[in-house]
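Open the model in your viewer and keep the selection tool at hand. Each stop below tells you what to pick and what to look for.

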Amino acid sequence: MFVLNPHNGERIAELALADETVVLSAIAAARGAYAAWSATPAVKRGEILFKACALIEARGGDLSRIVAEEAGKPLKDAHGETAAAIQCGRFFAGEGQRLFGRTTPSNTANKYAMTVRQSCGVAALITPANTPAPNFAWKVFPALICGNAVVLKPAEDTPVSADWMARVLIEAGVPAAALNVVQGLGQELGPLLTTHDDVDVVSFTGSTRVGRAIGAAAGAKLKKLSLELGGKNAFVVCDDADLDKAAHWAALSAFSNAGQRCAAGSRFIVLDAIYDAFVDKFIAAARRQKLGVDDDCDLGPVINERQLNTLLAAIAQAQTAGARVLTGGARAHGALAQGYYLEPTILEGAAEHAALSLTELFGPIAALYRARDYAHALRLANSSPYGLTACIHTRSIDRAWNFAQAIDTGVAVINGGTFGSEPHMPFGGRKASGNGTREPGPEALDVYSELKDIYLWIDPP
Ligand code: NAD
């Protein structure tokens, strides 16, 4: 299979697709390496991971160039992602000096109670293509620091960066058999990888559709499971908002990374009193977006031609159902015609329960909704099968705080964008956005380690 540069459709690598034999040998290698890696002191594992971060930093330009090519992004965006991956890696390397358990009093004299963290075993990790370097770091570093051996299946559209990063970690001292990368198609390798008896924990980031299938299969095997899934995130603009700032953040939320973020803004809920004024500014911001992969560009292409066609079909379907395209709506032409570019698109007039309102699209597409007042806006924002992130623009601390409390999501942002999570903070969603786990942050340690209660009885001297 060829790996294509989404910017121009050119071949950048050829991928030897793994089959079941390769997956089985990767799981066996991980199982074999597990005992020694988990017995390595966590502080020492952290030192190895710190060294890996230093190597990634020293050669960061190479990783950024790979990401820019395989994911189709401006190099400056890829540099930002390399930096984010390193920051995440350092956070988890430092956790090797903590990995806290808990000590508590006991209700019995001369009895002591505590918890310790232990590794799970073999971790099967599956990642999407949208931000390949941070996606690798968010899963591989916490899995390794907790002492697990890893089998990673990165997205088939962005395999090169995962290969590069794994080699650097191994060069830094992670045993090669404790970090296996299998390259191949998710629908072919996923079922075996996520249900094999020698896999102890499964962590998947990707679409809700695939997450449900993995959840059903891995659940039948009672696997420990973390599902970080899709979003259809609401961006609420109140009548007391700074409209220029709101339009700036709205454009970033909807269009940056070509809308390919689980945390992208896709439902823009605007109070009636300022609806027209905000929409004018939002459309102007959308039209100012520069497409391409030069460093002055705002967004690149979507990941592949199939995804571009899915987006175009969703826009056509929304129009048939009564929505109107206010700007964009078509494949970019001219110099970008060879790439998988969609013009930044804004629609209005979709019904609350239309497919456009309920379905994650994962592209630079924004839908507008008019709300009578704040209460109506909050109800619309919560009217979604998903519950990942949301943001509100308002100058009222009362509305802001009420929104942060009442919105049914894992992340709430006030006067910013719907995206922008930090590696030391727990990220994850409610409803169809996940199964309740949180990664990264120290909470990721709960995914990749098992707690054991230890009780100690003392005979008084
Ligand atoms: P996808 O679900 O199609 O693929 C994601 C990964 O799963 C890929 O590696 C793919 O090969 C693999 N896969 C596909 N079918 C599989 C199967 N049957 N079993 C096991 N693995 C399988 O998703 P995508 O379109 O590549 O990525 C976009 C999705 O990821 C969006 O829904 C987005 O919201 C989500 N995402 C979520 C987060 C988060 O943290 N919640 C972060 C980034 C992306």
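Select Ile458 to begin. Ile458 sits in the segment after β19 (449-457); helices (H or I, at least four residues) and strands (E, at least two) are DSSP runs, numbered from the N terminus. Its relative accessibility is 35%, so Ile458 counts as partly exposed. Buried means under 20% relative accessible area, exposed over 50%, and partly exposed in between (1.4 Å probe, protein chains only).

Before moving on, note that this is a predicted model, where local features need pLDDT of at least 70, side-chain atom pairs count only at pLDDT 80 or more, and totals for chains, interfaces and linings use all residues. Residues are numbered from 1 along each chain as its sequence is written, and side-chain values use heavy atoms, with hydrogens and water left out.

Together with Ile458 they make a nonpolar surface patch of about 270 Å². Patches are made of residues with over 30% relative accessible area and no salt bridge; like charges are joined within 9 Å, and nonpolar side chains (Val, Leu, Ile, Met, Phe, Trp, Tyr) within 5 Å. The areas come from the Shrake-Rupley method with a 1.4 Å probe, and for residues only the protein chains shown count as cover.

**Helix α10**

Select residues 275-288. This is helix α10, with 14 residues; at 1.5 Å a residue it should span 20 Å, and its end C-alpha atoms are 20 Å apart, which agrees. The expected span is 1.5 Å times one less than the number of residues.

Which residues of α10 are buried? Colour Tyr275, Phe278, Val279, Phe282, Ile283, Ala285 and Ala286. Look down the axis of α10: its buried residues fall within an arc of 160 degrees, so they line one face of the helix. That arc is taken from the directions from the helix axis to the C-beta atoms. Turn to the face away from the buried side. There you find the exposed residues Asp280, Arg287 and Arg288.

Next, show what covers the buried residues of α10. The cover includes the strands β10 (233-237), β11 (265-271), β12 (324-327), β13 (345-348) and β14 (365-371), along with α9 (243-255). Contact means heavy atoms within 4.5 Å.

**Helix α6**

Go to residues 159-172. Helix α6 also has 14 residues, and its end C-alpha atoms are 20 Å apart, in agreement with the 20 Å it should span. Its buried residues include Trp164, Met165, Val168 and Leu169. Step just past α6 to Gly173, where phi is positive, about 130 degrees.

**Salt bridges**

How many salt bridges does a search of the whole structure find? There are 24. A salt bridge is a side-chain nitrogen of Lys or Arg within 4 Å of a carboxyl oxygen of Asp or Glu. Side chains of opposite charge can pair when their charged atoms come close.

Select Arg31 and Asp198. Their side chains meet in a salt bridge at 3.2 Å, N to O. Arg31 is in helix α1 (residues 20-39) and Asp198 in the loop between α7 (186-195) and β8 (201-205), so the pair ties together parts 167 residues apart in sequence. Arg31 is partly exposed at 27%, and Asp198 is partly exposed at 29%.

Pick Lys153 and Glu156 next. They form a salt bridge at 3.1 Å, N to O. Lys153 is buried, with a relative accessible area of 2%.

Then try Lys290 and Asp296, a salt bridge at 2.7 Å, N to O. Lys290 is partly exposed at 36%, and Asp296 is partly exposed at 49%.

**Loops and backbone**

Select Ser433, in the loop between β18 (430-431) and α15 (444-448). Is Ser433 buried or exposed? Its relative accessible area is 0%, so Ser433 is buried. Residues it touches include Leu227, Glu228, Tyr386 and Leu388, not counting residues up to four places away in sequence.

Stay in that loop for Pro440. The peptide bond from Glu439 to Pro440 is cis, with omega near -15 degrees. Most residues other than glycine have a negative phi, and most peptide bonds are trans.

Finish with Leu222, in the loop between α8 (208-220) and β9 (224-228). Its phi is positive, near 55 degrees. Leu222 is exposed, with a relative accessible area of 76%.
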